[in-house]
Amino acid sequence: MIKKNWEKLRQFAQEGLFHIFGSRVISQVGALISSMVVIRFLEKVEYGYYVSANNLYSYPAIFVGLGMNNAIMQFCCERGSEGRRNAIFRHAFFRGNTANILVSLAIAGLAIWKFQTGKAKVAFYLLLMCTLPFFSFADTYSQTVLRVKLKNKVFSYANIAFSVVLLVGNLILTQIFDVPGLIYSKYLAIFVSVAFCMTALQKERFFSVIRENEDRLGREEKRQINSYAFVCSITNFASVVLTLLDVTCLDIVLEDPTVLADYHVAAAIPAACVFVPSSLMVFFYPKLVDAMSSSKKEGVAQAMQIAKISALVNGFVFLCLMVFAPLIIWIIYGEKYLNVVPMFRVLSLNYLVYCVSDIMGNMIAALKRVKINLLIAVFSGLLNVCLNLLLIPRLGGIGAAFATLTVSVTVAVLDFVYVMHHFVKDK
């Protein structure tokens with residue numbers, strides 16, 4: 001058994017699992033160093049305005065590419081011809097960039113609204129972010145293509161380049177431009193990552209191949225891909241809104257930028273640790289889709305393998321967060337943020353619950369039951385709003401944290417029940 005597991009681990013290593021983990025670790029370490037240096041010396045109020053702007057930006061930004069990267073991962077990882085795969089790549093690129101025009105206009109609209117309501121700094125930051133969707137889509141598109149082609153090592157190097165440039169950019173540009181430096185450094189980091197990925201793809205003549213590819217998608221195939229992508233984008237919106245609504249409700253109900261800064265700090269580390277389950281899914285999802293498209297038995301075996309690895313790794317991360325919470329906050333953010341420790345612990349528990357629902361949600365997506373994910377996400381979003389409006393006026397920031405935890409537990413239970421129902425029903 002030990003020899004078999006060791007051989008499996010060696011196989012995963014050769015396929016780039018540890019490259020993915022290593023790049024994500026470097027990314028998070030860079031973010032922590034940036035937090036230690038940048039957030040410590042930015043004024044709470046000024047940083048709170050940035051948190052508000054970035055939170056508003058995140059709503060339309062969820063629709064960057066209109067779910068086309070999800071469609072690429074699903075349909076290009078299924079077994080099929082190379083010509084069909086290249087046709088999907090081409091279709092996704094043009095449709096995704098068309099959607100980004102509307103996303104950018106929506107961000108500009110939010111900036112105008114904030115300016116009219118007297119929040120000039122928030123409006124200014126939003127205007128700076130208006131063209132970011134095009135850069136972001138180019139980055140995620142090229143990285144998704146690399147993942148489909150199982151170029152996990154190149155994908156990892158691109159992440160490392162992004163993280164290093166973002167860290168250096170944050171440290172230098174915030175000294176020159178203050179808070180706007182955070183936005184400028186993001187542009188610079190994405191540009192470097194895109195250049196790295198595009199160079200790697202161009203060595204294989206990727207763009208020439210998809211342009212010259214003679215295979216064309218039929219109307220029904222396009223409809224199926226577009227439908228899957230759209231549902232994924234709506235589902236992503238409903239899911240991500242769970243975290244965005246906390247800050248939005250705090251902003252609306254309490255109107256205190258220092259509370260926004262506190263909550264953002266409390267949520268930052270647990271949110272950053274999401275790289276652990278997401279790294280596992282980055283590596284295993286193409287395998288899961290391939291297994292599911294082959295047979296139910298292979299799909300279940302692959303899902304069980306992911307679950308066992310996830311339980312071991314994510315359980316360890318959770319224990320570290322809970323036990324060392326005060327020390328983590330003090331070292332990274334300083335004494336002025338020690339008041340967020342209770343929120344930090346609640347959100348650390350939320351991290352563990354999220355890991356469960358993440359596996360279940362990806363299994364549902366691999367089964368192409370994305371509408372189920374959408375229904376669960378919409379329900380959980382409505383529940384989150386109700387709980388936030390109920391708990392924030394009474395408990396403040398920690399009320400938002402409890403609302404998030406309650407919703408995550410609900411999502412995990414619903415996902416688990418559906419997955420079990422699916423496999424038991426089809427036995």
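Modeller: The model is a predicted one, in which local features need pLDDT of at least 70 and side-chain atom pairs count only at pLDDT 80 or more, whereas totals for chains, interfaces and linings use all residues. Residues are numbered from 1 along each chain as its sequence is written, and side-chain values use heavy atoms, with hydrogens and water left out.

Tyr 125 takes part in an aromatic cluster whose members are Tyr 47, Tyr 50, Phe 124 and Tyr 125. In total the structure holds 11 aromatic pairs (rings of Phe, Tyr and Trp, the last by its six-membered ring, pair if their centres lie within 6.5 Å; planes under 30 degrees apart are stacked, over 60 edge-to-face and the rest tilted). A pair of aromatic rings is described by the distance of the centres and the angle of the planes. For Tyr 50 and Tyr 125 the ring centres are 6.5 Å apart and the planes stand at 70 degrees, so this pair is edge-to-face. Tyr 50 belongs to helix α3 (residues 44-61) and Tyr 125 to helix α6 (residues 120-128), so the pair ties together parts 75 residues apart in sequence (helices, H or I of at least four residues, and strands, E of at least two, are DSSP runs numbered from the N terminus). Tyr 50, with 9% relative accessibility, counts as buried.

Another pair joins Phe 135 and Tyr 187: the centres are 5.3 Å apart and the planes lie at 90 degrees, so this pair is edge-to-face. Because Phe 135 lies in helix α7 (residues 132-148) and Tyr 187 in helix α9 (residues 180-202), the pair ties together parts 52 residues apart in sequence. Tyr 187 is buried at a relative accessible area of 14%, whereas Phe 135 is partly exposed at 30%.

Arg 90, in helix α5 (residues 82-116), counts as buried at 14% relative accessibility. Apart from neighbours within four places in sequence, Arg 90 is in contact with Tyr 141, Ile 210, Arg 211, Asn 213, Asp 215 and Arg 216 (contact means heavy atoms within 4.5 Å).

Further along the chain, the description turns to helix packing. Two packed helices are described by the angle between their axes and the distance between the axes. The axes of α14 (residues 296-323) and α15 (residues 325-333) come within 4 Å and cross at roughly 75 degrees (axes are lines fitted to C-alpha atoms, for helices over the stretch in contact, with angles from 0 to 180 degrees between N-to-C directions). The two helices are therefore roughly perpendicular (65 to 115 degrees; under 35 counts as roughly parallel, over 145 as roughly antiparallel and the rest as oblique). Cys 320, Leu 321, Met 322 and Val 323 of α14 make this contact with Ala 325, Pro 326 and Ile 328 of α15. By class, the contact has seven nonpolar residues, no polar and no charged ones (Ala, Val, Leu, Ile, Met, Phe, Trp, Tyr, Cys and Pro count as nonpolar, Asp, Glu, Lys and Arg as charged, and the others, Gly among them, as polar).

With α16 (residues 341-366), α14 has an axis approach within 9 Å and a crossing of roughly 170 degrees, which makes the two helices roughly antiparallel. The α14 residues in this contact include Ile 306, Phe 318 and Leu 321, and those of α16 include Phe 344, Arg 345 and Ile 359. Its residues divide into 15 nonpolar, four polar and one charged. Ile 306 is buried, with a relative accessible area of 3%. Not counting residues up to four places away in sequence, Ile 306 touches Met 281, Phe 284, Leu 288 and Ile 359.

For the chain as a whole, there are 18 helices and zero strands. Of its 427 residues, 53% count as buried. Among contacts between residues at least 6 apart in sequence, 82% join residues at least 24 apart.

Technical notes: Buried means under 20% relative accessible area, exposed over 50%, partly exposed in between (1.4 Å probe, protein chains only).
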